[in-house]
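Look over the model first.

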Amino acid sequence: MTVTTSFFQQPRLREAVTLQANSESCLLRYRDEEYEIDLAPETRDDSVRLLQLLLHGGKSMDELSSELPSLSHEVGRVCRDLDRFGLLTETVYKPLEAKRGAQFYRELQRFIERVRRKYTTRSFYQGLVDGTLGRQQLIGYALEYYHIVRMCPGLLAPALAYHESRTTLRILQDFFVSELNHDRLIERSLAAVGVQRKDLDRLVPLPMTFTICSSLGVYARQHPLSFKAALFLFEEVSDEFHSAYKKRCIEVGLPEAFYKPILDHASINDDGDHEQISEALFAEIPCISDEEQKAVLRHIGILVESIVLMDGQIVDYYGKPGSVIPRVWD
């Protein structure tokens, strides 16, 4: 079971969910939505039993797996899919497990470190250290980085519409203003390696780059707590990474005009204390429920995994001879 599916101690279908089973499928209704689940004949009875157990709740993931051996390897996947549609919750809400924002943020930091340890080293950084990344992969990193920087203000904007404390709103407003026009720095980098300005509006991100940007935009609009937690991931400064990036750029003959604006952008984040943005925002939150904590951990766990996958896609795509660079829409 991965970090993105093990958030429930005793999963249960939400109170308003109803279950109706027939010979070939189960129909779940929640508010105005219906979800039909097809049942395989060989596991039909156990599948219905699993949904019935989830309807009543009170059993751990391990207990569900033990009670339904034919589905022991599917329980985690089923719960993950049900949770994706907002159908799952914890059996017992425990008010005493609610936490102040500052306390939860400290726990979130430890959680992120545990998730990262799963991957040992990100593939792009490892390639920098090993000296295996080529010129096109270094340029590819800048191209994908450009998508995130360019879209950032638009992704942040919906978060400004929420009714927040005066301090929180001021932090978000100042952060929004500080992120404006940073894409111009990366444009200078790309111009130094021949990426024409006319192509910038037609750039197409890699799938995981698009996924990461979309996630941040969705959280800004629909889940402010996850949005505030996610900002840290995009603003943390790594001197080791940028030193290795500069060293590798020099080794493959990329000009200073290419890598310097990227390093300048990193120093802007450092000088502006952007790395502390999430900490400052969580310090303004008086109380976070247990269920909301789990939602944030789930979203941030998936986002960390997505960043790792994006690294791998950059290495793979831009490392293939003949790959179209830059990727533009025609």
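**Sheet and helix packing**

Q: Which residue is the bridge partner of A21 in strand 3?
A: The model is predicted. Strand 2 and strand 3 (residues 25-30) pair in the antiparallel sense, over four bridges. In strand 3, A21 is bridged to C26.

Q: Which strands stand at the edges of the sheet?
A: The sheet is open and has three strands, in the order 2-3-4, with antiparallel pairing. Each edge strand has a single partner strand, so one side of each is left without a neighbour in the sheet. The edges are strand 2 (18-21) and strand 4 (33-38).

Q: What angle does the direction of helix 1 make with that of strand 2?
A: Helix 1 (residues 44-56) packs on the sheet. Helix 1 touches strand 2, strand 3 and strand 4. Its direction and that of strand 2 make an angle of about 165 degrees.

Q: Are helix 6 and helix 15 parallel, perpendicular or oblique to each other?
A: Helix 6 (residues 135-156) packs with helix 15 (residues 290-318) at an angle of about 135 degrees, and their axes are 9 Å apart. Angles of 65 to 115 degrees count as roughly perpendicular, and those over 145 as roughly antiparallel. The two helices, helix 6 and helix 15, are therefore oblique.

Q: How many residues of each class are in the contact of helix 6 with helix 15?
A: Helix 6 contributes Q136, Q137, G140, Y141, L143, E144 and I148. From helix 15 come M310, I314, V315 and Y318. Gly counts as polar here. By class, the contact has seven nonpolar, three polar and one charged residues.

Note on methods:
Residues are numbered from 1 along each chain as its sequence is written. This is a predicted model: local features need pLDDT of at least 70, side-chain atom pairs count only at pLDDT 80 or more; totals for chains, interfaces and linings use all residues. Side-chain values use heavy atoms; hydrogens and water are left out. Axes are lines fitted to C-alpha atoms, for helices over the stretch in contact, and angles run from 0 to 180 degrees between N-to-C directions. Angles under 35 degrees count as roughly parallel, over 145 as roughly antiparallel, 65 to 115 as roughly perpendicular and the rest as oblique. Contact means heavy atoms within 4.5 Å. Two strands pair if DSSP finds at least two bridges between them.
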